[in-house]
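Open the model in your viewer and keep the selection tool ready.

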Amino acid sequence: EVAARFSELCYILFGVHNKEEKLGNMFLSTCNSTMVQQWMYNIGGCYPKAKYIPGCIMQSRQCIHRAFIRGLFEDGTVNVKNQMADHIEWSTCFPRLLMEVQVVLTRLGFITGYTKKQRRNLYLYGKEVSKYRKEIGFVSHFKQQRAALPTADSTRYRVPVPREYAC
């Protein structure tokens, strides 16, 4: 599903057809990364070793925020514990990107969490999982199904506030 959607988006954005193949049980879609890199430079974001959300996305409407987060979280996971959707987890090694994603999710009405030990991982726990599935969702049918499992009570909530606004 994800490989097919990636190929479709590459055609829409760049006008090129990707090379698609199946390798074992994996589906691959390959494109020239310099086209993606140039496009990202043109919209003002995601430079190597300095990834962040472009200003045009940060200043956009909520429907754009939801679409952006949906694509970004395709690289995340839905963790299941005791046959329940425990949490959604997404990670990055770029602190600015993590905070911006947390801000966008807060704008959309989601409460996120992280642990002090794993400040690179962002979590949505409990009821936020089913809310995420309904309001944003996943491209992958597999992840969407996992997020539809019953959820437990939520934990590890944090609301991002810049230091200058904290009392």
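Predicted model: local features only at pLDDT ≥ 70, side-chain atom pairs only at ≥ 80, totals over all residues.

Residues are numbered from 1 along each chain as its sequence is written, and side-chain values use heavy atoms, without hydrogens or water.

**Stop 1: helix α4.** Select residues 62–72, which form α4. Helices are DSSP runs of H or I, at least four residues, and strands are E runs of at least two, numbered from the N terminus. Now pick H65, I69 and L72, the buried residues of α4 (buried is under 20% relative accessible area, with a 1.4 Å probe and protein chains only). They lie on the same side of α4, because they cover an arc of only 60° around the axis (taken from the directions from the helix axis to the C-beta atoms). Next, show what covers them: α3 (55–58), β4 (84–91), α5 (95–107) and α6 (127–135) are included.

**Stop 2: α4 against α5.** Show both helices. Their axes, lines fitted to C-alpha atoms over the stretch in contact, come within 10 Å and cross at roughly 130°. For the contacts (heavy atoms within 4.5 Å), select Q62, H65, I69 and L72 in α4; they meet V101, V104, L105 and R107 in α5.

**Stop 3: T92.** Go to the loop between β4 and α5, where T92 is found. Is T92 buried or exposed? T92 counts as buried, at 8% relative accessibility. Its side chain reaches the backbone nitrogen of F94 at 3.1 Å (a polar contact pairs N or O atoms within 3.5 Å, one able to donate a hydrogen and the other to accept it). Leaving aside neighbours within four places in sequence, T92 is in contact with L97, L98 and R120.

Conventions:
Buried < 20%, exposed > 50% of the residue type's maximum accessible area, 1.4 Å probe, protein only. Axes fitted to C-alpha atoms, helices over the stretch in contact; angles between N-to-C directions.
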